[in-house]
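Please open the model in your viewer and keep the selection panel at hand.

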Amino acid sequence: MSITATPGGPVRRLAGLLHRRPYLRLATLLSAPLLWLVVAYLGSLAALFAAAFWTTDDFTGEVVKQFNLDNFQELWSQTVYRTITVRSVGVAAAVTVIDAAVAFPMAFYMAKIASPRAQRWLVIAVLTPLWASYLVKAYAWRIMFSGSGVLSWILDPFGIHGPGYGLPATITTLAYLWLPYMILPIYAGLERLPNSLLDAAGDLGARTFRTFRTVIWPVAVPAVIAGSIFTFSLSLGDYITVKIVGGKSQLIGNVVYDNIGAADNLPFAAAVATIPVVIMVIYLVAVRRTGALDNL
Amino acid sequence: MTQMNTEEPGVSAAVELRAVRKTFGEVSAVDGVDLEIGDGEFFAMLGPSGSGKTTVLRMIAGFETPTSGSIRLGGREVTKLPPFERDVNTVFQDYALFPHMNVLANVEYGLKVKKVPKAERRERALEALASVRLEGFETRRPGQLSGGQRQRVALARALVNRPKVLLLDEPLGALDLKLREEMQVELKAIQREVGITFLFVTHDQEEALTMADRVAVFNAGRIEQVGTPADVYEQPATAFVAGFVGTSNLIEGEAAQSILGRPGVYSVRPEKLRVDTDLDAELPEDEHSATGTVAEVVYAGAATRFVVDLDAGGRLVALQQNLQSSSMDVLKLREARVRLAWRREHEFAIAGPT
């Protein structure tokens, strides 16, 4: 009961007002972040979507703000864009599968086997790479994949040539970059899984693999999907890694980037940029329909 | 129901522990436990938290392996076997129902693992749900059930496998008082019906005394006493048992010498004491008595608890049914001089403090 404001003072009156009006309290709490969300976040998305229906004047290069579907028509008719889209989705899917396969056992060890002390250190160890710059990590992998790099040094004695720069290098590097975003949600999900459920499965006669298939995995699926949303969307939008280790390969992000820079066709770039947005929306709707998010 | 031992001649116990020890690092959780539990028995392991009772249960279930000693189930050596190779099932303290399966799938789980045909599986699961009075709940998820219902599902899920021994870890711990009392009666009825050996762990002495045929009282990783509820309650073997099962009410040292005329440690249960307000009333031959001052009177509805500081030293608690007295009368007795009297057959000598 330590009220510093004097009776009837402005602070006290304000506190009283906020106490009596819950909506005012809520407005004070949320107006700033909501403003940010609407203007900066949804606003820019709306601008992007609107710009996708504009064109540029072929002579002057000026943006013509007139609604038409030319950009989408071109995206649909030119097979190269379809190829790039399929390739980008393939890379994102591969990255997601690799991350899930690597992250699950690691997260399981962290959540269920490691001592509480080791658990804390492992979480820190998983987070630490996020402190290093994206570029530094990508270039580190460029060196690994280079002709005189670590990979060649390991593989050459066996007569195997390293993959060099290209899509496999891109997938490997992206899988490395986004791994923490997969480990952390799975770790959090498995940590909430009571140990007694594992005991119960064994008690009812289930061996290790069956326990995994019928108890651990179904309970952990929402967490894996949460992780996959990160790894999939981050991979789908990436264009820097592929530039550094991808050789001549192009992904959606590169098309967007080239149209903003070299081609100076902002409306077409916007149209291309809607592709990953649409793919992610489809992915989220599909995930929702499987019911995997019901237990979140 | 008697199981014949296939390895050794003679009748074997449902559960048999020999010199079982378990250490976690430096800490000794179970320190040499010998125990034999008969077929069809309702057996309680009673003790405070950290006394090793849950660890013993987990070793019988197979979740922990003893550091030394041996465990036999129905005569079969199982000390090192994993849980899925033992003919026991467990009802967990938090019930451990699978949250992503409905009630029926939870109950069928064990049968499915054992590849019981679908029709039989369904039939047995429904039967088990009926035996715990949960018909009509098949399609519910555990999250949609109350604590008591979840408890029944856990029970059905274990019983449907028809194990030799059912292990229950603090089965009623998470329920509120009223539901707990109901389930105590019901568990006992279910056990009589199915005839399976029930082995349950509890820290609640009333629960142990109410439900069990026999009780083992645990303290610091050892068993202090095994016996029927009446044995451990009325003839506690040690001061610990006297204190843990009920109120200890010890008469010891000089008080024992002056009141009972002999040295040692003795225990009298609170409800065996009579509170006389007339200190000079005639005392029957077969009774002992001690005078003292009432330090505290606690009115508890059906009964009143008197805490009396004895003139000879020490303090006893007496429990009196409120047969005639109203609350106002008994509360007036605070700081009054009273005489406690009890029949000699109700005082028991106890081994020295442990």
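Which side chain meets that of Asp199(A) in a salt bridge? Bear in mind that this is a predicted model, and select Asp199(A) together with Arg58(B), whose side chains form the salt bridge with 3.2 Å from N to O. Between chain A and chain B the count is 2 salt bridges, and 7 residue pairs are found in polar contact across the interface, both residues of each pair being at pLDDT 80 or more.

Next, select α9 (195-203) and α10 (208-236) of chain A, each of which supplies at least two residues of the side that touches chain B. The most is given by α9(A), with 7 residues, and by class this side of chain A has 9 nonpolar, 6 polar and 4 charged residues.

Now show the whole interface, where 19 residues of chain A are in contact with 24 residues of chain B, and where the two chains bury about 1800 Å² between them, 59% of it on carbon and sulfur atoms.

Moving on within chain A, colour residues 26-54, 89-109, 121-145, 165-188, 215-236 and 266-286, which UniProt, in an unreviewed entry, lists as "transmembrane region". Among them, residues 89-109 are 100% helix, with end C-alpha atoms 30 Å apart, while residues 266-286 are 100% helix, with end C-alpha atoms 31 Å apart.

Finally, select residues 15-245 of chain B, listed by UniProt in an unreviewed entry as "domain: ABC transporter"; this span is 36% helix and 26% strand, and its end C-alpha atoms lie 24 Å apart.

Key: Residues are numbered from 1 along each chain as its sequence is written. Chains are lettered from A and ligands numbered from 1 in the order in which they are written. This is a predicted model: local features need pLDDT of at least 70, side-chain atom pairs count only at pLDDT 80 or more; totals for chains, interfaces and linings use all residues. Side-chain values use heavy atoms; hydrogens and water are left out. UniProt positions are given in the numbering used here, feature names are shortened, and annotations may be inferred rather than shown by experiment. Helices (H or I, at least four residues) and strands (E, at least two) are DSSP runs, numbered from the N terminus. Contact means heavy atoms within 4.5 Å. Buried area is the accessible area (1.4 Å probe) that two parts lose on being put together, summed over both. A salt bridge is a side-chain nitrogen of Lys or Arg within 4 Å of a carboxyl oxygen of Asp or Glu. A polar contact is a pair of N or O atoms within 3.5 Å; within protein, one must be able to donate a hydrogen and the other to accept it, and residues adjacent in sequence count only if both atoms are side-chain atoms. Ala, Val, Leu, Ile, Met, Phe, Trp, Tyr, Cys and Pro count as nonpolar, Asp, Glu, Lys and Arg as charged, and the others, Gly among them, as polar.
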